[in-house]
Amino acid sequence: MHGRPRKRGGGDGGASEQKEKAKIAFLEPLQAQVLQNHHNCCYTKEALQKNARLLELNPEVNTAWNYRKLALRHLIASEQDVEVHKALAREELRVIEMALARNYKSYGAWHHRKWVIGLGLSLLENEFRLLDKFMDADARNFHAWDYRRHVASVQGAALEKELEFTRKKIYDNFSNYSAWHKRSTLLSQLFKENGVDILKHSTLSSEFELVHQAFFTEPDDQSAWFYYNWLLDHAAAAPDPKLLSTWPSDAVLITIDEQSEPSQLLHFRGISGLEETILLEGVPIFLCFSKPVTGVSGLTVSVQSVPDSKQALHGLWKPVANKGGASNIWSADLNHFTDAKIKKRVYELSYNVRIEIGSTQGIISQDGHPFLGPVHLTFVLRSTFVGSYIVKDDIHGEQNLKIVEDDKWEPHPEQALAAQSLSMLEKVTWSEKLMKEEIGLCRELLELESSSKWATLTLARLLEVQQNISQDKRLTLRNNTAEVLQLYEKLTRIDPSHAEYYQDRHSLNLLDQITSDSAQLKERWSIGLHGSVLGRDIGILWLNGLSLSKLGYMERLLSLQMLDLSYNHLRALDGLEALQFLVHLNLSHNLVSCVHTLRPISKLQRLRSLDISHNKLTGNSYTGSGVSVAVCWDLSSKNRMATPSSHTFEYLNDIEDVFKCMNLEELAIAGNPGASDNQFRVSLLESLPSLKLLDCKSVP
Amino acid sequence: MDDSSTLHVQKHVEFIKSLDNKKDLESLLTEHIRMNGAYWGLTALDLMGSLNDLDQDKIISWILQCQHDCGGFGGNIGHDPHILYTLSAVQILALYDKLAVLDSSKIASYITGLQQNDGSFYGDEWGEIDTRFSYGAICCLALLRRLDAINLEKAITYIVSCKNFDGGFGSTPGGESHAGQIFCCVAALAIAGSLHYVDKDLLGWWLCERQVKSGGLNGRPEKLPDVCYSWWVLSSLAILDRVHWIDRESLKTFILDCQDIENGGISDRPDDAVDVFHTYFGVAGLSLLEYPGLKHIDPAYALPVNVVKRVFS
């Protein structure tokens, strides 16, 4: 029951009660009779009338509509005359209209109408007239909009005609979200069919004008703002996946110390040094895309090392965080080519490795947009043998390499990565001009309505978009970020019920600012205090105490080995899976409440030390604000491909699921509600056989 | 107690129990969806710890009488089968830990027969297509551990094809986003392990903007709040891990304000007439908000967590 006032007190035996009794006395035998006729396949005129009477009173009875379809089928089959068929269809449409007059939201009635129209016995034009009537009564009736879409597609109505219809509806009422929505679908279709940028520009420009009128008239109304947000995304960025960063990055020199001992242990106390050292078992390559993609393979990514011409890759490209076969991050291992040289006692060797991403088409985002490559990168691998000249045979077949990378904090200039065709440059210029104008308008509106939440939020969005598309990113960033951060702070004040949403946006912008500015990164960077590996110091990035509630831009920190995120407000850790070199992570004093939230960390194979103390973790996933979904069906599971009959459904044991694939040696969980839960500790220890220290105490 | 600052559990339990034998106009008008009604009522009772207050044997025997030879269930005895009632029937049997009484292959073959080439599902043999039925199919088969019976990849593709400019989902491709429809699509994708198709930030933002000044949630922009969206919106946000983007306290207050503290039951808005549908969604919403004393509900399967755990253990 929707919108019906509550009756007070008990039954009064009065007039309304009598009336209800009379209705029951009429309806009960009618419903029974209609069902009986249905079961007996009785399609007489009288039976059909009874059915119609019921549907007029209660259009929700699905079975009664089914009966009418069977009856109509029967009657058409038993009569040759098309005119009679048409008359039957007319009667159906009449009954439906009566039912819709009772309840215009009746799913059964609308579907019956589609079904009857599908018989091809009635004129479609009449349907548009009927729809106009319903839309006048309620312009947000989504059943009517759905039905209109159906009729228009059966009729093959021109896109332009439907666009014009939505324009009219929007001008009738700027708050008609249904019409804005419809417009978004029509425009998307138009772009898809025409695909010409010029058309897109002029069409988009006129769309912007429409939205401006709407939000200057009704600045507190959501509809136009949502549409505007979508338009901005459309205007600002092409939907194709971009290559955001790689490891190794372009034009770096990597020195491999071929002489290091094979070792699994990393130590976290050491003395200072300037180089970065990473202990690895091979030379990996990581590619980070802006959205999950499929199709990264030896065909679409070519890897050559010069002068060595043999197979450059060892094994295949693998998705790092598999999402139904797609992943933002892909990795592969460079072939190990040193053995022969070692025997020759050549003490220094250099290789140029050249990678071409998108050398042939085939990398596709999950939403169906191809990666527009190719993008090249070249780096130098230098093998050296310092210290002792004795080369040990590696009896375990493992070859540990120490890679020394210089000047690692230079952020990747995105322009170098993005293929810059002329049309793209034109688009960027157009978009930049557009953003400037839109920002101006938004500021104008804010002068009139300084406390408008929507104008404030949109200005923040616009400034974010502007810095993303800007050709001189760093300059724009510096100018915009401070203002964006202020705008989100203002939003937290003027719209406190969504405060945590704005705090998440604030965090993202703060991280954008920090991670794209090498001066800021260096300020937050220290080396030698906390860790070393085989005598070489490794550095730590301090992102602690920043009130971060959400993570982002981690792909800019690919080679990070130690990260301190303590004393923030993190609830979710999505994005951390990009930090594939991480060995130590401090997440203490955050708000992580569910074990499943730690899932991104489970992708970090090199992580040895995790501090998750003083969070809200419990053994039970169902406490805390996040509620986890009980069962996942893993589409990508290899099992499924191999033996389709062996589907296994397990209630995810979060603890085991998260920790069993990790190689942690140190873990701190003190100060979590779950820390005192013995069962929690037991399953932790069972899932982590490699653990040596739990809360600074030796694991027996 | 005459205040609405607490949940009047006993009143609501009594209200739901009273529906069992009620013969008023309301129950007559909703006779055809009694299977849904039973699911709403019984799940609410279970969340409030009172599932066994009604006669289990009688209910199960009635459910089985609603099953047709094709495997599908009708909304009541004598009514035609439909995927929505089939889901409710399976959910109720899961509540009672009695899935074993079902011939799961028969139900699976009924549902498989409703899947179309594009991955969508008919609601019944008459060809209505809607993402609500995709959820019905996927949730029902998952509970029966028979997801292998359908083409799940295609089913996912179809749901994704209903995604809109605002990150939400409609009933068919091009249909407007609506919180109820969003729940169906997001929960189906969650069960199918395919949440990565959802733009969590965009959709989460749209969903959190469903909260209006009174604290209640609406289902589409510029619409009135309604207790049922405490479930549709909140469960979606829970699946997306973004419940904290709304003001939980004021939503709690809104739901509690919709109680009939005199006769039990919860309505769509304060002072409207109560019904079992809104009573269930109110209680389920409070469960997601971790209201003390209520069992936790699983946001995707729409069943108490202990029930889902039991099904998959």
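Colleague: How many salt bridges does the rule find across the interface of chain A and chain B?

Modeller: The model is a predicted one. A salt bridge requires a side-chain nitrogen of Lys or Arg within 4 Å of a carboxyl oxygen of Asp or Glu. Applied across the interface of chain A and chain B, this rule gives a count of five.

Colleague: Which residue of chain B meets A:K550 in a salt bridge?

Modeller: The side chain of A:K550 takes part in a salt bridge with an N to O distance of 3.1 Å. The cut-off is 4 Å, so the pair qualifies. The partner is B:D201.

Colleague: Which helix gives the largest share of the side of chain A that touches chain B?

Modeller: Several elements of chain A give two or more residues to this side, including helix 3 (62-77), helix 9 (177-194) and helix 1 (15-39). The largest share amounts to nine residues, and it comes from helix 1 of chain A.

Colleague: What area do chain A and chain B bury between them?

Modeller: The size of an interface is often given as the accessible area lost when the parts come together. Here the contact takes 83 residues from chain A and 91 residues from chain B. Carbon and sulfur atoms carry 54% of the buried area, which is about 7700 Å².

How values were computed
Residues numbered from 1 in each chain as written. Chains lettered and ligands numbered in written order. Predicted model: local features only at pLDDT ≥ 70, side-chain atom pairs only at ≥ 80, totals over all residues. Heavy atoms only, no water. Contact = heavy atoms within 4.5 Å. Buried area = accessible area lost by both parts, 1.4 Å probe. Helix = DSSP H or I, 4+ residues; strand = E, 2+ residues; numbered from the N terminus.
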